[in-house]
Amino acid sequence: MGSDHYFSAQPSTPFTRKHIRVTLAGEERMVSTAGGIFSPEGIDKGTAVLLNEVPAPPSSGDLLDIGCGWGPIALSMALASPDATVHAIDVNERSLELTRENANALSLQNVVATTPDAVDEGVRFQTIWSNPPIRVGKEVLHQILLQWIPRLAPGGTAWLVVQKNLGSDSLQSWLKRELPAGFSVTRHSTAKSFRILRVDRPVVDEAAGS
């Protein structure tokens with residue numbers, strides 16, 4: 001593929017849709033995928049672990065999926081929380097188009113699929129679910145996480161799935177060091193060579209006092 005990756009803004013491979021059956025929110029559903037995006041063959045192992053391990057998302061407010069691909073995480077949150085607004089972000093325009101199409105096919109009106117820079121700066125998220133794009137490289141990954149995790153609403157929680165051999169433990173240590181005072185970072189669970197990291201924002205920020 002040369003320089004064409006799932007994190008390319010505009011993949012050079014042909015945009016040829018294919019339809020697959022996957023299980024989302026406990027039911028089998030038909031979705032569209034295509035080449036040039038992350039995991040076009042179905043739900044990847046890491047995302048499957050995340051969806052199986054984390055508690056149900058908040059029923060309302062703004063929810064975030066970082067690196068949405070064709071939409072399995074965002075669609076799952078939207079199905080579980082129809083009164084919430086699910087922001088699905090990706091730099092890959094094809095991924096965003098497929099997420100929108102899949103949301104429409106599932107009659108979900110609460111999914112907003114956009115590039116990161118299109119999200120209103122004032123939005124704060126009740127929860128963040130992400131299978132973060134580890135393969136973009138450590139520097140870019142760190143920038144992404146420091147851009148979004150501090151935007152949790154007070155009392156909000158982020159859930160990240162990271163493969164153990166791709167640095168989940170070192171990422172956990174880095175998050176503990178780099179996130180603002182009061183944020184807590186813990187290992188929620190381990191399953192099938194993946195770790196689920198949990199990040200909690202305090203209800204009252206330490207810097208602001210009580």
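Which side chain makes a polar contact with the side chain of His 87?

## His 87 and its surroundings

The partner is Asp 62: its side chain and that of His 87 make a polar contact at 2.8 Å. Keep in mind that we're looking at a predicted model here. His 87 sits in strand β4, which spans residues 83-89. With a relative accessible area of 10%, His 87 counts as buried, because the cut-off for that label is under 20%.

So who else is around? Setting aside neighbours within four places in sequence, the contacts of His 87 include Asp 62, Leu 63, Leu 64 and Asp 65. Val 112, Val 119, Val 123 and Phe 125 also touch His 87.

An open sheet is built from 7 strands, and reading across it gives β5-β4-β3-β6-β7-β9-β8, with mixed pairing. From one strand to the next, the twist averages 15°.

Helix α4 (residues 138-148) lies across β3, β4, β6 and β7, and it runs at about 175° to β3. Helix α5 packs on the sheet as well, touching β7, β8 and β9, and its direction makes about 10° with that of β9.

Which residues of α4 are buried? They are Leu 141, His 142, Ile 144, Leu 145 and Trp 148. Looking down the helix axis, these buried residues fall within an arc of 160°, so they line one face of α4.

## Helix α1, inside and out

Helix α1 takes in residues 45-53, and its buried residues are Gly 46, Thr 47, Val 49 and Leu 50. Down the axis of α1, the buried residues fall within an arc of 160°, so here too they line one face of the helix. The cover over them includes helix α2 (72-80) and strands β6, β7, β8 and β9.

Turn to the face of α1 pointing away from the buried side and you'll find the exposed residues Lys 45 and Asn 52. The N-terminal end of α1 has a cap: a side-chain oxygen of Asp 44 lies 3.2 Å from the backbone nitrogen of Gly 46.

## Salt bridges

There are 8 salt bridges in the structure. One of them pairs Glu 97 with Arg 17, with 2.9 Å between the closest N and O atoms. This pair links distant parts of the chain, 80 residues apart: Glu 97 belongs to helix α3 (residues 93-105), while Arg 17 is in the segment before β1 (18-24). Glu 97 is partly exposed at 33% relative accessible area, and Arg 17 is partly exposed too, at 36%.

Another salt bridge joins Asp 169 and Arg 195, at 2.7 Å from N to O. Since Asp 169 lies in helix α5 and Arg 195 in strand β9 (residues 194-200), the pair ties together parts that are 26 residues apart in sequence. Is Arg 195 buried or exposed? Arg 195 counts as buried, at 11% relative accessibility, whereas Asp 169 is partly exposed at 34%. Shared partners also make a network, in which salt bridges join Arg 17, Glu 97 and Glu 101.

Finally, Glu 27 and Arg 29 form a salt bridge with their closest N and O atoms 3.8 Å apart. Glu 27 is partly exposed at 47% relative accessibility, but Arg 29 is buried, with a relative accessible area of 14%.

Definitions and conventions
Residues numbered from 1 in each chain as written. Predicted model: local features only at pLDDT ≥ 70, side-chain atom pairs only at ≥ 80, totals over all residues. Heavy atoms only, no water. Helix = DSSP H or I, 4+ residues; strand = E, 2+ residues; numbered from the N terminus. Buried < 20%, exposed > 50% of the residue type's maximum accessible area, 1.4 Å probe, protein only. Polar contact = N/O pair within 3.5 Å; in protein donor to acceptor, adjacent residues only side chain to side chain. Contact = heavy atoms within 4.5 Å. Arc of directions from axis to C-beta. Salt bridge = Lys/Arg side-chain N within 4 Å of Asp/Glu carboxyl O. Pairing = 2+ DSSP bridges. Axes fitted to C-alpha atoms, helices over the stretch in contact; angles between N-to-C directions.
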